Amino acid sequence: MSVSRNFVLAAGGTGGHIIPAYALGAELMRRGHQVALITDNRGSTIPGCPDGMEMHIMPAGRVAGGPRGWLAAARNIWRGRAMARALFNEFEPTAVVGFGGYPALPALLAAFANKVPTIIHEQNAVLGRVNRLVAGKVNAIATAYPDVQRVKPGHQAKVHLVGNPVRAEVIMLRDEPFPPFIEDGVFRVLVTGGSQGASILSEIVPDALARLPLNLRRRLQVTQQCRAEDLETVRKMYADHQIPAQLATYLEDFPERLGWSHLVIGRAGASTIAELTCAGRPAILVPLPSAMDNHQAFNVSEMIKAGGARAIKQSAFTPVELAKQIQKMALIPETLQNAARAAKSCGRPDAVHDLADLVESFGRAPLMHTITNTEHSSLGFGSAEPALARKAVS
Ligand SMILES: CC(=O)N[C@H]1[C@@H](OP(=O)(O)OP(=O)(O)OC[C@H]2O[C@@H](n3ccc(=O)[nH]c3=O)[C@H](O)[C@@H]2O)O[C@H](CO)[C@@H](O)[C@@H]1O
């Protein structure tokens, strides 16, 4: 029998943290649970929050900028922790899930103080700073890739590989065939810089597409996400080259556009890669060089090994180089279709279910039944820590 329980998700900052939280929240609600999201001001602006999920905006602090900055951050973290504890007293979550990033920290600290079980999800191939900080105290670490770097050997026992949760509309694309890519048909390219956009793509991509041989160039149909300040320049570049292009600062219909595309050019953020591999779309990706511990370069390596993507270092990302790589991938239709299949082979479309199962296993209903370590293992989550098993039934 399934019992309705309350869960808190904590995620903020960029779409890369928020969108997996939206996907998990939607799945937990589909299973009959109540879900509240703790986020920050930036996070609250990311479209797509599922209906019925409560959103609580709370202060969070990024530890940076010398002693003054640290003091302000500490004050905000403390205020956020107090607000989260007040919410927990009322909402009584059976588990709290943190998705990394500074906005997740106050909620996790509040969960430790209130003795609520905690799970963290790491979207990247390298454990992020906040997740590293709390890894020793949480009950489980859910990961998107095997062998995530910077997980301490002592914490390996509580690691569960689930993948990155993606939206239901993206999962649906997995069963659809790759759009026909034939020599006289259209060639649809989707350009995305992650939830915040990336100016380098605006500078380089239109020029590179204009350099393609005529048999590819005349078939192009482009959708490009641009930062607001780049929109007009990019619009003019495509108009000058007579390449049909639709531009937006944020594509709310991203899954639909992904299903429509033959090739994606973008950054190597974790959610973008999860979506490409779930749907099976080949890509040319430019990892953000300033990403913490170079995590975007590590995110894309699995896809490269499989043959589903090519990566270009930002220092080598020129219109000439990009045009060369597009031709290598798309001049022969079969090459592109093979790359699409290879991309799909890296997908983890069950991520949202596996993460929801993991989260539910830490929020057993009181006295419904006693979880033993053996039963917990049989759920596929390895051995539960004794303290956790006790908590789950207390
Ligand atoms: C600049 C930065 O710090 N980026 C990090 C951020 O993700 P960031 O938000 O930059 O990028 P991701 O690729 O992880 O996620 C972007 C998400 O936004 C969606 N989208 C994007 C554009 C658009 O027009 N419409 C739309 O819906 C994508 O479909 C995707 O779901 O967190 C990720 C997960 O920790 C990291 O891997 C990234 O390195």
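Guide: Happy to! One term before we start: two strands pair if DSSP finds at least two bridges between them. Strands (E, at least two residues) and helices (H or I, at least four residues) are DSSP runs, numbered from the N terminus. This is a predicted model, where local features need pLDDT of at least 70, side-chain atom pairs count only at pLDDT 80 or more, and totals for chains, interfaces and linings use all residues. Residues are numbered from 1 along each chain as its sequence is written.

Visitor: Thanks. What is the strand order in the open sheet?

Guide: The seven strands run β3-β2-β1-β4-β5-β6-β7, and their pairing is parallel. At the edges stand β3 (54-57) and β7 (159-161); each has a single partner strand, so one side of each has no neighbour in the sheet. On average, neighbouring strands are turned by 25° against each other, direction ignored.

Visitor: How many bridges join β6 and β7?

Guide: Three, in the parallel sense, with β6 covering residues 140-143. Isoleucine 141 stands opposite valine 159 of β7.

Visitor: Which strands does helix α3 lie across?

Guide: Helix α3 (residues 66-91) lies across β1 (6-10), β2 (34-39) and β3, at about 175° to β2. Axes here are lines fitted to C-alpha atoms, for helices over the stretch in contact, and angles run from 0 to 180 degrees between N-to-C directions.

Visitor: New topic: how do α1 and α15 cross?

Guide: The axes of α1 (residues 15-30) and α15 (residues 351-361) come within 9 Å and cross at roughly 65°. The two helices are therefore roughly perpendicular (65 to 115 degrees) to each other. The contact (C-beta atoms, placed from the backbone, within 7 Å) is made by Ala23, Leu24, Glu27 and Leu28 of α1 and Val352, His353, Leu355, Ala356 and Val359 of α15.

Visitor: And phenylalanine 99, where is that?

Guide: Phenylalanine 99 lies in the loop between β4 (95-98) and α4 (105-114).

Visitor: Buried or exposed?

Guide: Phenylalanine 99 is buried, with 31 other C-beta atoms within 10 Å. Buried takes 20 or more other C-beta atoms within 10 Å of a residue's own, exposed 12 or fewer, and partly exposed is in between, with C-beta atoms placed from the backbone.

Visitor: What does it touch?

Guide: Not counting residues up to four places away in sequence, phenylalanine 99 touches Leu9, Ala10, Ala11, His17, Pro20, Ala21, Ala104 and His121. The C-alpha atoms of phenylalanine 99 and proline 20 are separated by 8.0 Å, though the two residues are 79 apart along the chain.

Key. Contact = placed C-beta atoms within 7 Å. Parallel < 35°, antiparallel > 145°, perpendicular 65-115°, else oblique.
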